[in-house]
Amino acid sequence: MNYQETTAYLFSQLPMFEKQGATGFKEGLANTLALDEHFGHPHRNYVTIHVAGTNGKGSVAHSIAAVLQACGYRVGLYTSPHLKDFRERIKINGRPVSEEYVTDFVHNERNFFEPLHPSFFEITTAMAFKYFSDMNVDIAVIEVGLGGRLDCTNIITPTLSVITNISMDHTQFLGDTMAKIAAEKAGIIKKGVPVVIGETTDETRPVFEETAKRMGAPVIWAEENPGVLGYEFLDNGRILYNTLCMGKVESTLGGAYQVHNFNTVLKSLRALVAQGYISDCMDTKHKTNCAVEQKMALRNVCELTGLQGRWQKVKESPLTICDTGHNSGAWDYLGKQIAQVKCRTRRIVYGAVADKDVDSILNLMPSDAVYYFTKPDSHRALSEKTLQQMASEKGLLGNSYPSAKEAYEQALLDAANNDFIFVGGSFYVVSDFLKTCF
């Protein structure tokens, strides 16, 4: 098989939650442990950092990886889902895994893994862990796929755990209360391993406190003595932070929700300083001034790691932004930020998957925008007609289109140069948009 045939096999032959929903989700670690033993426990050959949370874990993981990379380490980064190409999930110093490695892995290992009937994510995780070992990374930043306790990334024992926040998402798997979801996310807390908690509520903090106490894990509460002292949104779409430990830092990640993520990143970096991985002075091991390099890395996260889809500007005129925020926790910030953009007319291309709390999200969306309702290319997709009807009942008006491409092209035809177009609602809508329009 060539690369295209190999990825088609992975997408079509292995149960895939992202496309299929519940039928593509495999609970438990039996397959993961079997794969890990088969490959000789590759994740034990390098240091790891584990990142979980409802929102922001991708941004936080990429930011931490960018800083470590800038400070001289060979850094693996495992995230999901991808937006344009499968290889985005597995990177070293911002460079995706090669097509040849993906193809050879599947060709060489099919006879072992097919009898296990693994999920897509189980195989992808095994591939990532082996690749990082084969390529001799120093450290790997591993993003949890879903939840934490039973996620197949949770076989690692990291040097640092990070949990960004908790909101209501994937309730059919993780539980129907914030406390239950927090308990699943807290499952990544390991014995004696420091954990950074980005945000808490009255309902989630006791869960983290109890788990950390039971595991003897030191807790760093990012909300206490925050590293971010103040911030301002810049005309170039970035955010300028005033920080406790680095002074003024400009960040390439411009979404309003990134303020909380940035504070979590700063606290995570301080934890890594305490462990000796990075420093604020001359790092004799890697011959680099980490104070300068950290600021440079945080300014250029997207360039260093290839991060996409986070308040990403894809067109200047009319200003067009896409964002992968896909639940009410994200839209609590996105709705407000979209409403604050100075423009003649706001035009929103929006699609969703059926297992999200779309009703709550619609309550957070600007009422003065023109809407272009669509659906992602996924079996989980909510029909664009159903979405249009749900939105109209809340006073959000617009037409429906069968694909993100058609919806965006109509928005572009309707728009003046001083209009604003936003594309989002789902990772998969943004993926379809980037693949077919840019």
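**Entry 1. The start of α15**

I looked up what caps the N-terminal end of α15 in this predicted model. Ser 383 does, with a side-chain oxygen 3.1 Å from the backbone nitrogen of Lys 385.

I then went along the helix, residues 384–392, and noted which residues are buried. They are Glu 384, Leu 387 and Ala 391. Seen down the axis of α15, these buried residues fall within an arc of 60°, so they line one face of the helix.

What covers that face? I found that the cover of the buried residues includes the strands β16 (346–350), β17 (370–373) and β18 (398–400), along with helix α14 (358–362).

I went back to the loop between β17 and α15, where Arg 380 is found. Is Arg 380 buried or exposed? Its relative accessibility is 5%. The limit for buried is under 20%, so Arg 380 counts as buried. I also checked its side chain for a partner and found a polar contact with the side chain of Tyr 428, at 3.4 Å.

**Entry 2. Gly 351**

Next I took Gly 351, in the loop between β16 and α14. Gly 351 counts as buried, because its relative accessibility is 0%.

I listed what Gly 351 touches, not counting residues up to four places away in sequence. The list is Thr 374, Leu 387, Gly 424, Gly 425, Ser 426 and Val 429. Of these, Leu 387 is one of the buried residues of α15, and Val 429 is one of the α17 residues that meet α16.

I also took the distance to Val 423. Gly 351 and Val 423 are 72 residues apart in sequence, and their C-alpha atoms are 8.6 Å apart in space.

**Entry 3. α16 and its cover**

In α16 I noted four buried residues: Ala 404, Ala 407, Tyr 408 and Ala 411. Viewed down the axis of α16, they fall within an arc of 95°, so they line one face of the helix.

I asked what the buried residues of α16 pack against. The answer is the strands β14, β15, β16, β17 and β19 (420–424), and helix α17. β16 and β17 are also among the elements that cover the buried residues of α15.

**Entry 4. α16 against α17**

Two packed helices are described by the angle between their axes and the distance between the axes. For α16 (residues 404–414) and α17 (residues 427–437), the axes come within 8 Å and cross at roughly 70°. That makes α16 roughly perpendicular to α17.

Which residues meet? On the α16 side I have Ala 404, Lys 405 and Tyr 408. On the α17 side I have Val 429, Asp 432, Phe 433, Thr 436 and Cys 437. I sorted the residues of this contact by type: five are nonpolar, one is polar and two are charged. Ala 404 and Tyr 408 are also on the list of buried residues in α16.

**Entry 5. Backbone exceptions**

Most residues other than glycine have a negative phi, and most peptide bonds are trans. I looked for exceptions.

I found a cis peptide bond between Ser 80 and Pro 81, with omega about -10°. Pro 81 is in the loop between β2 (75–78) and β3 (90–92). The peptide bond from Ser 317 to Pro 318 is also cis, with omega near -5°. Pro 318 is in the loop between β14 (312–315) and β15 (319–323).

For phi I noted two asparagines. Asn 93 has a positive value near 50° and is in the loop between β3 and β4 (95–96). Asn 136 has a positive value of about 55° and is in the loop between α6 (120–134) and β5 (139–143).

I then checked how accessible each one is. Asn 93, at 28% relative accessibility, counts as partly exposed. Asn 136, at 57%, counts as exposed.

**Entry 6. Thr 177**

Last, I looked up Thr 177, in the loop between α7 (171–174) and α8 (178–185). With 26% relative accessibility, Thr 177 counts as partly exposed.

The side chain of Thr 177 reaches the backbone nitrogen of Lys 180 at 3.1 Å. Leaving aside neighbours within four places in sequence, Thr 177 is in contact with Met 168 and Glu 203. I also took the C-alpha distance from Thr 177 to Gly 94: 36 Å in space, for 83 residues in sequence.

Notes:
Residues numbered from 1 in each chain as written. Predicted model: local features only at pLDDT ≥ 70, side-chain atom pairs only at ≥ 80, totals over all residues. Heavy atoms only, no water. Buried < 20%, exposed > 50% of the residue type's maximum accessible area, 1.4 Å probe, protein only. Arc of directions from axis to C-beta. Contact = heavy atoms within 4.5 Å. Polar contact = N/O pair within 3.5 Å; in protein donor to acceptor, adjacent residues only side chain to side chain. Axes fitted to C-alpha atoms, helices over the stretch in contact; angles between N-to-C directions. Parallel < 35°, antiparallel > 145°, perpendicular 65-115°, else oblique. Nonpolar A, V, L, I, M, F, W, Y, C, P; charged D, E, K, R; others polar.
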